[in-house]
Amino acid sequence: STQSTGNQTETEITNSIDFVVEQLETVSTEDLTSRLTLNCTIGTVVATSLSLDPSKITIIDCIDDMVLPDRVKDEVCKLFPNGRQALLKTGGNFPYLSRPDEFNLHIEVHLRNCQYEIVNRNDIVTTAGETREIF
């Protein structure tokens, strides 16, 4: 039923938040301070300073992510107007934890679009046939 699916999604999102909180408890105060300082530093990213082919950029976002303001999401999309955008209906702040199957599907599509083929969980193969370890 729709009700149980909604509850399952909420449980998965809650579990992902709990996991991240548990992981934060293992980070040293010094490391956490430096990460938060970097995260809260006001600055701009100049897209031209990145040497990336814009067609090989995929932005994965969740409709229900409330941590990032819409203006920030809009600015990222403006920086990469030729990038692909993949939207998940749900996933909260950590969609790679709460919706791993959907998130991984978007990663696999992205890799295929960049001429890579996944042969197993640890390797990808380029169209030239060379195997690269990814984990």
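In this predicted model, Asp53 has a relative accessible area of 40% and is therefore partly exposed, a class that lies between buried (under 20% relative accessible area) and exposed (over 50%), as judged with a 1.4 Å probe and protein chains only. Asp53 sits in the loop between α2 (29-40) and β1 (58-62), where helices (H or I, at least four residues) and strands (E, at least two) are DSSP runs numbered from the N terminus. Although 61 residues separate Asp53 from Cys114 in sequence, their C-alpha atoms are 10.0 Å apart in space.

At 1.5 Å a residue, α2 should span 16 Å, and its end C-alpha atoms are 16 Å apart, which agrees; the expected span is 1.5 Å times one less than the number of residues.

The protein chain as a whole holds five helices and five strands, which follow one another from the N terminus in the order α-α-β-α-β-α-α-β-β-β. Of its 135 residues, 20% are buried. The chain exposes about 10200 Å², of which carbon and sulfur atoms supply 55%, the areas being computed by the Shrake-Rupley method with a 1.4 Å probe. Among contacts (heavy atoms within 4.5 Å) between residues at least 6 apart in sequence, 53% join residues at least 24 apart.

Residues are numbered from 1 along each chain as its sequence is written, and side-chain values use heavy atoms, with hydrogens and water left out. Local features need pLDDT of at least 70 and side-chain atom pairs count only at pLDDT 80 or more, whereas totals for chains, interfaces and linings use all residues.
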